[in-house]
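Good morning, colleagues. Please bring up the model on the screen, and I shall then take you through its rings, its cores and one of its sheets.

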Amino acid sequence: MKRKHDNGFPGRDAIVAFIRANPGKIGTREIAREFGLKNADRAELKRILRELADEGAIAKRGRKIHETALLPPTVIADITGRDTDGELLATPTEWDTEENGPAPKIRIHVPRRLQPGTAAGVGDRALLRIEKADDGEVAPYRGRIIKIIDQARTRLLGIFRDLPGGGGRLVPVDKKQAGRELNIAPSDTSGAEDGDLVSVDLIRGRGYGLASGKVKERLGSLSSEKAISLIAIHAHEIPQAFSPSAVREAEAAEPAALKGREDWRELPLVTIDPPDAKDHDDAVHAALDPDPNNRGGYIVHVAIADVAFYVRPGSALDRDALTRGNSVYFPDRVVPMLPERISNDLCSLVPGQPRGALAVRMVIGPDGRKRSHSFHRVLMRSAAKLHYAQAQAAIDGRPDDTTGPLLEPILKPLYTAYALVKLARDERDPLDLDLPERKILLKADGSVDRVIVPERLDAHRLIEEFMILANVAAAEMLEKKALPLIYRVHDEPTLEKVHNLQEFLKTLDLPFAKTGALRPSLFNRVLVQVRGEDYEPLVNEVVLRSQAQAEYSAENYGHFGLNLRRYAHFTSPIRRYADLIVHRALIRALGLGEGALPEAETLETLSEVAAQISVTERRAMKAERETADRLIAHFLADRIGATFQGRISGVTRAGLFVKLSDTGADGLIPIRTLGTEYYNYDETRHALVGSRSGAMHRLGDVVDVRLVEAAPVAGALRFELLSEGQVIPRGRKRDGSKAPSKSHPGRSPRDKVRKPHKGKSGKAKPGKSKKGKSWKR
């Protein structure tokens, strides 16, 4: 019997209960069927679902609806303590509290007979299989340990500080350990000097007072920026040394031979990479298709380093690579996923050397659409190693000695094929955000030289579009062969975030009428409208923050940002473990020889791998971002009192975050330093608004600031605001509608903060700017 109210619609509690009972399995159609709703009732059902999403009761994942904050079946979690019954409690390692609120607790069931590798304790990190708990339990989830990812840390990273009379203190660099100094006895300093970055082993004792530690390793003085990346490496526990067995396997590896491969050595493939690239894992070639049925079309070849030939499932190299998940790139160093013997030598597609590759041949029609594709295991030889600006200069009429001979036979066909592919890309209309990325250039001594925004060239877009085509082809091939794989997925924005974006755009008098299915084109229309306007960066930033974060998953729910139904990473197996899995699956699906995905790899095991490498990817992103923050803070440490121009990059109840225009450095302006009046946090307008003057400081505003404090170890900067806020006439908003009263509806008195006069601010908390989640291809 269908559960309807008298007015013909189910109660909101009934809808949420049905969603809870079918996690991740239902959408609007299934809800309508369950409650016997007709087509004429769909609009009202969507309205109810929108209200539930606005309230945070439900959320969408792809086309499916689930309870808000519903965890996936497999998750990596940190064990944080025990409940009153002594059972272990954990929380998800990666959890966005800004978006989802407090992290849910998971109560871990420990069986009497433990499986090997599943004995856990407080402080450990583990891969869990979870399910919803019964109502009334202490934690909303129950979990079972699949394996321990990392044991509780007994080693800390910090700055050594001398004490009079010998010995010293350790000041941890980990923000979570802030204020928890360790005592270092004179006999345990290992020669550490004041200001050294050191690694310290904890010495467990039963006495009172400060815990003690022993210096295990001196990592360098913080007077040198070369030590800065080590802070992030150790703080995020990124493995640096390969296991001895992995090193032995790498050294014993033999170059790939022609046996079992197609000979592509005469095909003039070229690599196009950044000028400082050390490994080259993709090469491209294009030629006019001679087939009269595809007149004007092209054949595009993309050859990818055959890492699966060297890194076999279950080997020491494979175990180390999975632990890393991906390579991590810092301004001064790279922490590779694979040893240099593999990544920079045997698998790097260097010019003139025969190299094994897994290649895809794609037939492109004159409309730019991919008509067909086939995969091949080949032996190839790169004809040239080019960098982006070099290839672009040749096309623009400035060839050099290397690109001159390549211009007609290789480069022009590549660019012509790209022009076709771009037609299909523009028709597909993926999300088109304009978010320039800065790059830190270092001097020979490791200090910051300058920060630049590299120009985005057609050469970059050419490689990007060919790689996307190859990634799509890989996903399509494996789906056709019904083999499990790891997808690169990107969920569509939640209903709540779309609603918030709509409300924000109203303040700029910009329409965002969502009708029908959500598509990237809806966002692109807004971005086109603001192109060239003063608030273009603001709108790009807010649209970015409305997006979900891309991740890896064994379940496919599409890639919203690229507007693709299926997508997998195939083109960078030297630096991403996900691509290696896809290579192995293709080798197995097509019978291409050794290094295939084992038969034992199932959807369940790949789900575990996807969860793990999604975490290592976020770990790498955090480490890279924090290192950049610390380097810039070092760079600016001797410029206290200097003034800079920047743009407000974040607005919170704590204050304003500002990104400097010249360096991209982020810093905080505490709300208590803005003036003598109360400031209200206006979430809809992403602004702080003075309750007496009406002066508004808004996300995206260009402002002048003075640097007040730099904390290089934490990567934190504190600014003083010099610019006046924009004053909005009483009773009016920017769009001409009536503005809220001083007491903003829905805000508690705690949102109003009393401000003392400028100059009496305290220290900024170490941290980073409030940034939206990014989507990545």
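Let me begin with a convention: a charge sits over a ring if NZ of Lys or CZ of Arg is within 6 Å of the ring centre and within 35 degrees of the ring normal. Arg312 meets this condition, with its charged end over the ring of Phe309 and 5.4 Å from the centre of that ring. Arg488 lies over the face of Tyr552, at 4.6 Å from the ring centre.

Before going further, I should state the basis of these values. This is a predicted model, in which local features need pLDDT of at least 70 and side-chain atom pairs count only at pLDDT 80 or more, while totals for chains, interfaces and linings use all residues. Residues are numbered from 1 along each chain as its sequence is written, and side-chain values use heavy atoms, with hydrogens and water left out.

The predictor's confidence in each residue is the pLDDT, on a scale from 0 to 100. Its mean over the chain is 84, and 84% of the residues reach 70 or more. Residues 1–6 stay under 50, and the model has 15 contacts for them beyond four places in sequence, a contact being heavy atoms within 4.5 Å. Over residues 730–776 the pLDDT is also below 50, and this stretch has 129 contacts in the model beyond near neighbours in sequence. Where pLDDT is low, the predicted coordinates should not be read in detail.

Now the overall picture. The chain contains 16 helices and 34 strands; these are DSSP runs numbered from the N terminus, with helices (H or I) of at least four residues and strands (E) of at least two. Of its 777 residues, 50% count as buried, where buried means under 20% relative accessible area, exposed over 50% and partly exposed in between, with a 1.4 Å probe and protein chains only. Among contacts with a separation of 6 or more, 67% are between residues 24 or more positions apart.

Which rings pair with one another? A search of the whole structure finds five aromatic pairs. Rings of Phe, Tyr and Trp (its six-membered ring) pair if their centres lie within 6.5 Å, and planes under 30 degrees apart count as stacked, over 60 as edge-to-face and the rest as tilted. Phe375 and Phe570 have ring centres 5.5 Å apart and planes at 90 degrees, so this pair is edge-to-face. The pair links distant parts of the chain, 195 residues apart: Phe375 belongs to strand E20 (residues 370–381), and Phe570 to the loop between strand E25 (551–553) and helix H15 (577–590). Both Phe375 and Phe570 are buried.

A further pair is formed by Phe523 and Phe560, whose ring centres are 6.0 Å apart with planes at 90 degrees, so it too is edge-to-face. Here Phe523 lies in helix H13 (residues 520–529) and Phe560 in the loop between E25 and H15, 37 residues apart. Phe523 and Phe560 are buried, and together with Phe512 they form one aromatic cluster.

In the largest nonpolar core, of 96 residues, Val302, Phe466 and Phe570 touch the most other members. By nonpolar core I mean a set of buried Ala, Val, Leu, Ile, Met, Phe, Trp, Tyr and Cys residues joined through side-chain atoms within 4.5 Å. Leaving aside neighbours within four places in sequence, Val302 is in contact with residues including Ala283, Leu358, Phe466 and Ala470. Apart from this core lies another, of 51 residues, among them Val498, Leu538, Val542 and Leu707.

Finally, a sheet. Four strands form an open sheet in the order E29-E30-E31-E34, with antiparallel pairing; two strands pair if DSSP finds at least two bridges between them. Strands E29 (679–682) and E34 (726–727) stand at the edges with a single partner strand each, so one side of each is left without a neighbour in the sheet. E29 pairs with strand E30 (residues 687–690) over four bridges, and Asp682 stands opposite Ala687 in E30.

E30 and E31 pair over three bridges, with Leu688 opposite His697 in E31. These two strands form a hairpin with four residues between them, and Gly694 in the turn has a positive phi of about 80 degrees. Two bridges join E31 to E34, where Met696 stands opposite Gln726.
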